Every structure is written in structure tokens, then in C-alpha cells.
Amino acid sequence: MTISRKLISSGSKFEKDFAYSRAVVQGNWCFVSGTTGYDYTSMCMPEHAVDQARNAFWTIEKSLSEGGFSLSDIVRVQYTVVKAEYADEVQPVLRRFLGDVRPAATMVVAGLIKPEMKIEIEVTALRGFAEREDEI
């Protein structure tokens, strides 16, 4: 059996330059690449990590939607921040977008490829799973 693959682009110059897709849909899975806070139309980056996180989630949400997924399908997320103190700054945005979803998550402190980047968010989504059980 062959499962189709769909490549999704946000129009980011980075996708072409670094040879990747914003997202890849493979069957019931959607893998969204590390997404930063750029407005990909203007290639402008907000100064604050909280605004970058918000922009990243808007891009992620758009990519998921194009693939037939929603934020509620996210099962795994990795956050990369360039300074540990940004974790507190972005918490309200994380709660806003994923507070009800509560996927498995990791937060890493590491450098990113451009000095203006303060946070990068990568998600994996699975479509069609059963309703979530409450915590045990």
C-alpha cells in the first residue's frame, strides 16, 4: 500500500535556501518543521520572544490547516529558546495555543541560525485518534 505525501510551504525563503518543507503530511501524520516568528510575507521578525512565539503558532496553525489538521491534533512539540529566561516570557502564548491540547513537550536552550531568532517551535500531529482521557 502506498501512502501519499503532501509537502506544504509557508513561502519562507529559508525553505528554499535550506531545502525543506514547512510541513510534510504522510497518511494521518503531519510533521511541521521548526518554525520561528517571521512574518513570511514581509520577512520581518518581532523583537520580543512572546511575539515571535505567537507568529510561529499562527504559521503552524496555517500549515496544519492546509494539511487537514488542527492544533488539537498535535501530539508532540519541541520548543527551542536561545535563552532560558524566554521560557517564562512565552508561557502565556504556549497556554493560549496548546493549553487544552497538552501534547508531550520538550524545551531546549540552544542557538538558532539567525541572531534575531529567539524561539523555534516544531510540532508533530496525528489525525483521527480517540478523545483524550483525563490525567490518571
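Q: In this predicted model, exposed stands for over 50% relative accessible area; why is E85 called exposed?
A: The relative accessible area of E85 is 52%, and the cut-off for exposed is over 50%, so E85 is called exposed.

Q: What makes β3 and β6 a pair of strands?
A: Pairing requires at least two bridges found by DSSP, and strand β3 (residues 29–35) forms 5 bridges with strand β6 (residues 119–126), so the two count as paired. Their sense is antiparallel, and V32 has V123 as its bridge partner in β6.

Q: How do you know that β4 and β6 pair as well?
A: Between β4 (residues 74–81) and β6 there are 7 bridges, again in the antiparallel sense, and since at least two are required, the pairing holds; for T80, the bridge partner in β6 is E120.

Q: Which residues touch the most other members of the largest nonpolar core?
A: Of its 29 residues, these are C30, F57, I60, L64, I74, L98 and I121. Two or more residues come from each of β2, β3, α2, β4, α3 and β6, with α2 giving the most, namely 7.

Q: What is L98 in contact with, leaving aside its neighbours within four places in sequence?
A: The partners of L98 are F57, L71, I74, V77, Y79 and P103. A second, separate core has 6 residues, among them F14, Y38, Y40 and M45.

Notes:
Residues are numbered from 1 along each chain as its sequence is written. This is a predicted model: local features need pLDDT of at least 70, side-chain atom pairs count only at pLDDT 80 or more; totals for chains, interfaces and linings use all residues. Side-chain values use heavy atoms; hydrogens and water are left out. Helices (H or I, at least four residues) and strands (E, at least two) are DSSP runs, numbered from the N terminus. A nonpolar core is a set of buried Ala, Val, Leu, Ile, Met, Phe, Trp, Tyr and Cys residues joined through side-chain atoms within 4.5 Å. Buried means under 20% relative accessible area, exposed over 50%, partly exposed in between (1.4 Å probe, protein chains only). Contact means heavy atoms within 4.5 Å.
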